[in-house]
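Colleague: I would like to learn how to read a model like this one. Can you take me through it feature by feature?

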Amino acid sequence: MDVFEAVDSRIACRWFLDKPVDATIVRDLIVRAARAASGGNLQSWQVYALTGAPLAELKRQVAAHIDGRDPRHDEAEYPIYPQTMWQPYKSRRDEHGVQLYGALGVARDDAAGRLAQYKRNFEFFNAPVALFIAIDRKLGPGQWADLGGYIAALMYLARGYGLDTCPQESWARMHRIVGAFVDMPPEQMLFCAVAIGYGDHAHPANGFRSPRAPLDAFCRFFGFE
Ligand SMILES: Cc1cc2nc3c(=O)[nH]c(=O)nc-3n(C[C@H](O)[C@H](O)[C@H](O)COP(=O)(O)O)c2cc1C
């Protein structure tokens, strides 16, 4: 797979096959993704990788925590989104919801169905491997951006192995449980998780392609004509 196909074929995969990922591949992805650029080469990413029994135990703990509750009320340590959304972001997020829940056959007014889908984040959508991405809490926006570069590199490299991924900021809401579980030092803050596995491409959650704004909505060219 070339780099163009890797970029084009990546999706936020929201259901994975019951198929393990070779541990050497996981290690290789984590190492290779660290070739990502970072300002001043600070390499601000901190990664915790889980599979097998530890992953099952963490999922069990989180399932007990969210049982009968709405995890969207759990606060992350950073604002995942601004409190109110404005255009064009509001429409884009709404459209994303329409696509995802539409594909799953969850009606707009089906609050229980939406909550059930949200809770699948905390099963890692059945993925056999989960990464947590953390950062030193004293670092700033520049270094947070570098985390994005690391995660992007990891997701495209995963495509090279035929793997799928889902970046998951929802996991930031579980920072207390995750932090205690992986013994995260107090100076670090949880940014997000990344689910890794072989995607179930027949599953309706993976059955749509997210749209993108047209070029002129986000880029202005100077001197190209
Ligand atoms: C940092 C980050 C966090 C995300 N968190 C979640 C999440 O918690 N749950 C989820 O289902 N999707 C999550 N997504 C996936 C986005 O919704 C998805 O990337 C977007 O809708 C575009 O779709 P695509 O990735 O399939 O192209 C996240 C994406 C990013 C980059």
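Modeller: We go from the sheet to the helices, then to the ligand shell and the loops.

Colleague: What should I know before starting?

Modeller: This is a predicted model: local features need pLDDT of at least 70, side-chain atom pairs count only at pLDDT 80 or more, and totals for chains, interfaces and linings use all residues. Residues are numbered from 1 along each chain as its sequence is written.

Colleague: How do I read the sheet, and what is its strand order?

Modeller: Strands of a sheet pair through backbone hydrogen bonds, either parallel or antiparallel. Helices (H or I, at least four residues) and strands (E, at least two) are DSSP runs, numbered from the N terminus. Two strands pair if DSSP finds at least two bridges between them. Here four strands form an open sheet in the order β1-β2-β4-β3, with antiparallel pairing. β1 (46-51) and β3 stand at the edges with a single partner strand each, so one side of each has no neighbour in the sheet. On average, neighbouring strands of this sheet are turned by 25 degrees against each other, direction ignored.

Colleague: How many bridges join β1 and β2?

Modeller: Six, in the antiparallel sense, with β2 covering residues 129-136. Thr51 stands opposite Val129 in β2. Ala49 has Leu131 of β2 as its bridge partner.

Colleague: And how many bridges join β2 and β4?

Modeller: Eight, again antiparallel. Ile133 has Cys192 in β4 as its bridge partner.

Colleague: How many residues of β2 are buried?

Modeller: First the cut-offs. A residue is buried if 20 or more other C-beta atoms lie within 10 Å of its own, exposed if 12 or fewer, and partly exposed in between; C-beta atoms are placed from the backbone. Seven of the eight residues of β2 are buried, so β2 is largely enclosed by the rest of the structure.

Colleague: Which strands does helix α6 lie across?

Modeller: Two conventions come first. Contact means that the C-beta atoms of two residues, placed from the backbone, lie within 7 Å. Axes are lines fitted to C-alpha atoms, for helices over the stretch in contact, and angles run from 0 to 180 degrees between N-to-C directions. Helix α6 (residues 141-160) lies across β2, β3 and β4 (188-197), and runs at about 160 degrees to β2. Helix α7 (residues 175-182) also packs on the sheet and touches β1, β2 and β4. The direction of α7 makes about 85 degrees with that of β4.

Colleague: Which residues of α6 are buried?

Modeller: An α-helix has 3.6 residues a turn, so residues three or four places apart point the same way. In α6 the buried residues are Asp146, Leu147, Tyr150, Ile151, Leu154, Met155, Leu157 and Ala158. Their cover includes α2 (23-33), β2, β3 and β4.

Colleague: Which residues are around the ligand?

Modeller: Near means a C-beta atom, placed from the backbone, within 6 Å of the molecule or strand. The residues around the ligand are Ile11, Ala12, Arg14, His96, Asn121, Cys166, Pro167, Gln168, Glu169, Ser170, Cys192 and Ser210. Strand β3 (residues 164-168) gives the most, with three residues. Ala, Val, Leu, Ile, Met, Phe, Trp, Tyr, Cys and Pro count as nonpolar, Asp, Glu, Lys and Arg as charged, and the others, Gly among them, as polar. The shell divides into five nonpolar, five polar and two charged residues.

Colleague: Where is Gln43 found?

Modeller: In the loop between α2 and β1. Gln43 has a positive phi of about 50 degrees, although it is not a glycine. With 14 C-beta neighbours inside 10 Å, Gln43 counts as partly exposed.
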